[in-house]
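Me: Hi! I have a structure open here and would like to talk it through with you. Could you take a look?

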Amino acid sequence: MKLKLLILILALQTAWILGTTFVQERALIHGKVVLLETRPVDPRDLLRGDYLILSYKISDVPLDLFMPPQTNGLPPGQTVYVALEPHGQFHEVVRASTEPIEPAAGYIVLEGRTRTWWGGNARTSAHLEYGLERYYVREGTGNPSGKITVQVAVPASGQGSIKQVFLDGKPYTEAMKGAAR
């Protein structure tokens, strides 16, 4: 009896891990790919290992892009949907809403959450996080110098996943070869 219970528990854990992996990989393969512009942020954290902290141009959404219009800002933790449209090489926010947005031709809808932000003006813009703000890297390569851009796969659910990070137009791992100490 105990052996059957142990096997059942192990089978359920394995199924959960495989299911989670399948969902993430499916999003990366079938999601629409967008290129996002980042802003520099200090990427070092000695306690958590080497990773990049990514801040995006699309993270600060002017309140006048919201439908219906927002005048008093948004509370922290509010789910927000943004419609992204290509502007040159990168995608930028053209519309935002606290209600789900139906994707229209040429738009990609990304889901985010509002966060308290001390660097901006909450009366004129909302600061959003999309779950794309961390990218773990090989030890010793977490302090790049150059322009970082991120390729994100966005499935129909709107929950994007980082597909590739670029440093000055080259894949990050390739650009940082030989940088590990």
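**A hairpin to start with**

Reply: β10 and β11 form a hairpin with six residues between them, and Gly158 in the turn has a positive phi of about 90°. Strands here are DSSP runs of E with at least two residues, helices are runs of H or I with at least four, and both are numbered from the N terminus. Before we go on, this is a predicted model, in which local features need pLDDT of at least 70, side-chain atom pairs count only at pLDDT 80 or more, and totals for chains, interfaces and linings use all residues. Residues are numbered from 1 along each chain as its sequence is written, and side-chain values use heavy atoms, with hydrogens and water left out.

Me: Thanks! How many bridges join β10 to β11?

Reply: Six, and the two strands run antiparallel. Strand β11 covers residues 161–167. Ile148 has Leu167 in β11 as its bridge partner. Two strands count as paired if DSSP finds at least two bridges between them.

Me: And is β10 mostly covered or mostly open?

Reply: Mostly covered: six of the seven residues in β10 (148–154) are buried. Buried means under 20% relative accessible area, exposed means over 50%, and partly exposed is in between, with a 1.4 Å probe and protein chains only.

Me: New topic: the open sheet. What order do the strands have?

Reply: The five strands run β4-β8-β7-β5-β6, with antiparallel pairing. β4 and β6 are the edge strands, as each pairs on one side only. From one strand to the next, the twist averages 50°. Axes for such angles are lines fitted to C-alpha atoms (for helices, over the stretch in contact), and angles run from 0 to 180 degrees between N-to-C directions.

Me: How many bridges do β4 and β8 have?

Reply: Three, in the antiparallel sense. Asp60 stands opposite His127 in β8.

Me: What does the side chain of His127 make with the side chain of Asp60?

Reply: A polar contact, at 2.7 Å. That term means a pair of N or O atoms within 3.5 Å; within protein, one must be able to donate a hydrogen and the other to accept it, and residues adjacent in sequence count only if both atoms are side-chain atoms. His127 sits in strand β8 (residues 125–129), and His127 counts as buried because its relative accessibility is 13%.

Me: Which residues does Ser59 touch?

Reply: Leaving out residues up to four places away in sequence, Ser59 touches Ala126, His127, Leu128 and Tyr130. Contact here means heavy atoms within 4.5 Å. Ser59 lies in the loop between β3 and β4, and with a relative accessible area of 2%, Ser59 is buried.

Me: Switching to charges, how many salt bridges does the structure hold?

Reply: Two. A salt bridge is a side-chain nitrogen of Lys or Arg within 4 Å of a carboxyl oxygen of Asp or Glu. Glu92 forms one with Lys57, and their closest N and O atoms are 3.4 Å apart. Glu92 is in strand β6 (residues 90–97) and Lys57 in the loop between β3 (55–56) and β4 (60–62), so this pair ties together parts that are 35 residues apart in sequence. Glu92 is partly exposed at 22%, and Lys57 is partly exposed at 40%.

Me: Which side chain meets Glu129 in a salt bridge?

Reply: That of Arg115, at 3.2 Å from N to O. Glu129 is in strand β8 and Arg115 in the loop between β7 (108–114) and β8, so to speak distant parts of the chain, 14 residues apart.

Me: Now rings. How many aromatic pairs does a search of the whole structure find?

Reply: One. Tyr135 and Tyr172 form an edge-to-face pair, 6.2 Å centre to centre with 85° between the planes. Rings of Phe, Tyr and Trp (its six-membered ring) pair if their centres lie within 6.5 Å; planes under 30 degrees apart count as stacked, over 60 as edge-to-face and the rest as tilted. Tyr135 is partly exposed, at 22%, whereas Tyr172 is buried, at 2%.

Me: Last one: which residues does a cis peptide bond join?

Reply: Met67 and Pro68, with omega about -5°. Pro68 lies in the loop between β4 and β5 (79–87).
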